[in-house]
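Thanks for coming, everyone. Please have a look at the chain on the screen, and then I will walk you through a few parts of it.

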Amino acid sequence: MKFKIGSALLLLVILAGCNKDEDEVTNAPETVPTEQNSTNMDTAKNNQNPTNTTNTTSFNFSEFSLDVDYSATESYEVEYDNEATGVEASIDDGRSNLKVTGNDAYTQLEPLFQELDFDKTTLDEDVIDEVLTVFGITDEYQSVEIDVRFADGTEKEYRATK
């Protein structure tokens with residue numbers, strides 16, 4: 001009987017470990033904006049309540065997606081999502097055949113995100129140029145898609161094709 005209970009508990013632990021999202025980041029600083037913070041910031045602006053503050057960070061978005069297509073079979077993709085339920089990050093570099101997720105992806109992305117200084121009012125071409133420069137994307141691409149949700153909840157899409 002003890003063996004059955006022990007086996008059942010071990011099986012539950014193993015199954016719980018298999019359910020973990022591989023993109024989940026566990027070491028993100030608490031100062032990065034989240035979707036929940038964005039909602040709170042909108043509420044604070046609408047209510048003109050200066051005491052309702054949100055966290056500040058060196059990058060001003062809660063979601064960032066970059067998809068660079070070099071050919072029908074080669075691409076470079078970055079996904080970053082910071083919601084109230086947690087942070088997820090991934091890098092999928094089809095040209096180098098590398099996929100990085102979770103904490104490792106966030107560690108690589110954080111310094112790049114800190115270099116980005118565009119906001120929702122920046123011209124589309126300037127945003128695309130800045131992202132391509134910061135991420136070291138060469139001119140060999142066929143198309144670029146960038147999706148951003150800024151800390152205030154504004155969503156923007158930026159597209160370029162050659």
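Predicted model: local features only at pLDDT ≥ 70, side-chain atom pairs only at ≥ 80, totals over all residues.

Let me start with glutamate 63, which is partly exposed at a relative accessible area of 22%, where partly exposed covers the range between buried, under 20% relative accessible area, and exposed, over 50%, using a 1.4 Å probe and protein chains only. Residues are numbered from 1 along each chain as its sequence is written, and side-chain values use heavy atoms, with hydrogens and water left out.

Which residue forms a salt bridge with glutamate 63? It is arginine 149, with the closest N and O atoms 2.6 Å apart; a salt bridge here is a side-chain nitrogen of Lys or Arg within 4 Å of a carboxyl oxygen of Asp or Glu. Arginine 149 lies in strand 6 and glutamate 63 in strand 2, so the pair ties together parts that are 86 residues apart in sequence. Arginine 149 itself counts as buried, at 15% relative accessibility.

A second salt bridge joins aspartate 147 and arginine 159, whose closest N and O atoms are 3.0 Å apart. Because aspartate 147 lies in strand 6 and arginine 159 in strand 7, this pair links parts 12 residues apart in sequence. Salt bridges that share partners also join Glu63, Arg149 and Glu155 into one network, and the whole structure has 7 salt bridges.

Turning to the chain as a whole, there are 4 helices and 7 strands, which are DSSP runs numbered from the N terminus, helices being H or I with at least four residues and strands being E with at least two. Of the 162 residues, 34% count as buried.

The largest nonpolar core has 34 residues, and Phe64, Leu66 and Phe135 are those with the most contacts inside it; such a core is a set of buried Ala, Val, Leu, Ile, Met, Phe, Trp, Tyr and Cys residues joined through side-chain atoms within 4.5 Å. Among the elements that give two or more residues to this core are strand 2 (61-69), helix 3 (102-115) and strand 6 (143-150).

Finally, in helix 3, the buried residues include Gly102, Ala105, Tyr106 and Leu109.
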